[in-house]
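Please open the model in your viewer and keep the sequence at hand. The stops below take you from one selection to the next.

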Amino acid sequence: MATETFEFQVEARQLLHLMIHSIYSNKDVFLRELVSNASDALDKLRLAVLRDDSLGADISDLHIELDIDRDARTLTVRDNGIGMSYEEVTRLIGTIAHSGTAAFLKELREAQDGAGADGLIGQFGVGFYSSFMVADEVTLLTRRAGETKGTRWTSRGEGTYTLEAVDEAPQGTSVTLHVKPADPEDQLGDFTEPWKVRETIKRYSDFITWPIRLVPPAAENSGESEESGGPERPEPETLNSMKALWARPRDEVSDDEYHELYKHISHDWREPLETVRLQAEGTFEYQALLYIPSHAPHDLFTQGHQRGVQLYVKRVFIMDDCEELLPPYLRFVKGVVDAQDLSLNVSREILQQDRHILMMQRRLTKKILSTVKDLRTSAPDRYATFWREFGAVLKEGLITDSGNREALLAASSFDTTHDPEEPTSLAAYAERMKEGQTDIYYLTGDSRTALENSPHMEAFRAKGIEVLLLTDPVDEVWVDAVGEYDGKGLRSVAKGEIDLGTDEDGEAADEGREQRDEEYAALLAWMTGRLAEEVKEVRLSTRLTVSPACVVSESDGMTPALENLYRSMGQDIPTAKRILELNPGHPLVKSLNDAHTQRPEDPALPETAELLHTLAVLAEGGRPAEPARFVKLIADRLERTL
């Protein structure tokens, strides 16, 4: 096949421009990326051969090789792993097929400091492009295991690349970089110097489980004759220790080593928030080294988010994203689990049925949840970071994992009217409950500000009763699924009838309510009939002290936000009629009642009732059923007041 020239897609060109003209203060990361890619290729070949004997690939000496040529100023990163086909090179290298590319590029441009920018590399599978930070030209030669022809890809990072099929190519992939001269001002080292390569590998890739061998430049002035083939090249030197960190005693591993492993397996080059070790012995042995990240990925709530931890069997890599080891609500956890008694040929279908995997999932889940709970008391700042980044996804478990519900509630925090800055646990809320209070009150909505200003909060604020302020979409669902905590009901202040009266209010209060009910009976009956298409009932409110009206759901009904949530998931949910509550102490409601008593046929009364209902809908963040009509009614009323 002849050499063909292609243009990079727009996103790839933008990324190349940012790489070359660069925002990374530490350009050494390119080698970390290329070595990680090579390690992945070796893992994949090992697994492929275990599953398919017909590949005919030699796996007796899987390794990564670094070859320096000072005269040509090249550094080659070579592996004898799975390799790529022509189609894979076209798909994986020529384009950036990832939904998060735009978000990545935006963050890249906005990163002001070098450390912040360094933390972004690798998140979107763009590590290969980092080669252009240090190279004027990059050549990739690859042949997929089991195929006879290879592929050569070449680019100078200037918007185009060439592709050609080649007859002769070793199995695996080699990336040859024509490296730029050292530039201390640009923090670019000389990667034709063995010491620089050695230092970089030791720093970033010492834990890689495959040997990384450095082939140094040919010895200078060796005295070798041209007939003998030129200067003699020294024997390759293995640069990494290849020790599996999860198998080493804790006191033999530094925090830096743990952190570097995290960065390798997660492609998040920031420090993890917490490291969790677990070793299980007995009838089924396994070791786990898990990490809680310090930042949530951009795609945490998207359907294509890759979740799961790496699964090894006796230190042999099995799969990169074993979803069965942790429940979906812990999909942010990264790490490695190394089991001793699973088959190397284990498949996802087998994993779903394997009782050992289920046992591991239960124990790993409990360990993560207990770690998060302990952070609340041992490291409040780190716990606050965790909850800010992952609280919304952890609360999904309150719906799906009833077996761990108590542990999840113990690890959870919630915004509260008790403290504008500090979230609370349910246990702390329960300790602060007023005498005679039997329920834990909450309100769901879009933001803390909206909830604090909601009419539903007025009586609770007046009586100093604490209310949880829940602003995540998942909150609409889990409160109904959980129902209670420690014998105390979870009760929405926007549902059902609320009676915050105390025993001290006595019979006088009861008589006052009965008198008001009788006084407003005719108005309530008339408004219920008039607004029958919008509301189920109009009644007097015990939760309002300032606002004229509010709309509430029935005790067992859905809120509008929950209805919209289900509809967004494709479920056909009928719109439920809600209840309009009036504040009998508000001047507008009093005047409306007087007007209805004195002139029930007044044509302005139906418009007033309609406006009152629409204002109540607006006050809780809803939208008028007919915005144009609402605006016209308001405009007409304003005109008559002038």
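Are W387 and F414 buried or exposed? Both W387 and F414 are buried, a point to keep in mind while you tour what is a predicted model.

Begin with the aromatic rings, of which the structure holds 16 pairs. Select F30 and F191, whose ring centres lie 4.8 Å apart with the planes at 85°, so that this pair is edge-to-face. The pair links distant parts of the chain, since F30 belongs to helix 2 (residues 29-51) while F191 lies in the loop between strand 7 (172-179) and helix 6 (194-204), 161 residues apart. F30 is buried at 0% relative accessibility, and F191 is buried at 1%.

Now return to W387 and F414, which form an edge-to-face pair with 6.5 Å from centre to centre and 75° between the planes. Here W387 sits in helix 10 (residues 380-394) and F414 in strand 15 (residues 414-416), 27 residues apart.

Next, select R32 and W269, where the charged end of R32 sits over the ring of W269, 3.7 Å from the ring centre.

Finally, select N240, in the loop between strand 9 (237-238) and helix 7 (255-266). N240 is buried, with a relative accessible area of 5%, and a polar atom of its side chain lies 2.9 Å from the backbone oxygen of I208, while the backbone oxygen of W210 lies 2.8 Å from a polar atom of the N240 side chain. Among the residues that N240 touches are S205, D206 and P211.

Technical notes: Residues are numbered from 1 along each chain as its sequence is written. This is a predicted model: local features need pLDDT of at least 70, side-chain atom pairs count only at pLDDT 80 or more; totals for chains, interfaces and linings use all residues. Side-chain values use heavy atoms; hydrogens and water are left out. Helices (H or I, at least four residues) and strands (E, at least two) are DSSP runs, numbered from the N terminus. Buried means under 20% relative accessible area, exposed over 50%, partly exposed in between (1.4 Å probe, protein chains only). A polar contact is a pair of N or O atoms within 3.5 Å; within protein, one must be able to donate a hydrogen and the other to accept it, and residues adjacent in sequence count only if both atoms are side-chain atoms. Contact means heavy atoms within 4.5 Å. Rings of Phe, Tyr and Trp (its six-membered ring) pair if their centres lie within 6.5 Å; planes under 30 degrees apart count as stacked, over 60 as edge-to-face and the rest as tilted. A charge sits over a ring if NZ of Lys or CZ of Arg is within 6 Å of the ring centre and within 35 degrees of the ring normal. Lists of a residue's contacts leave out its neighbours within four places in sequence.
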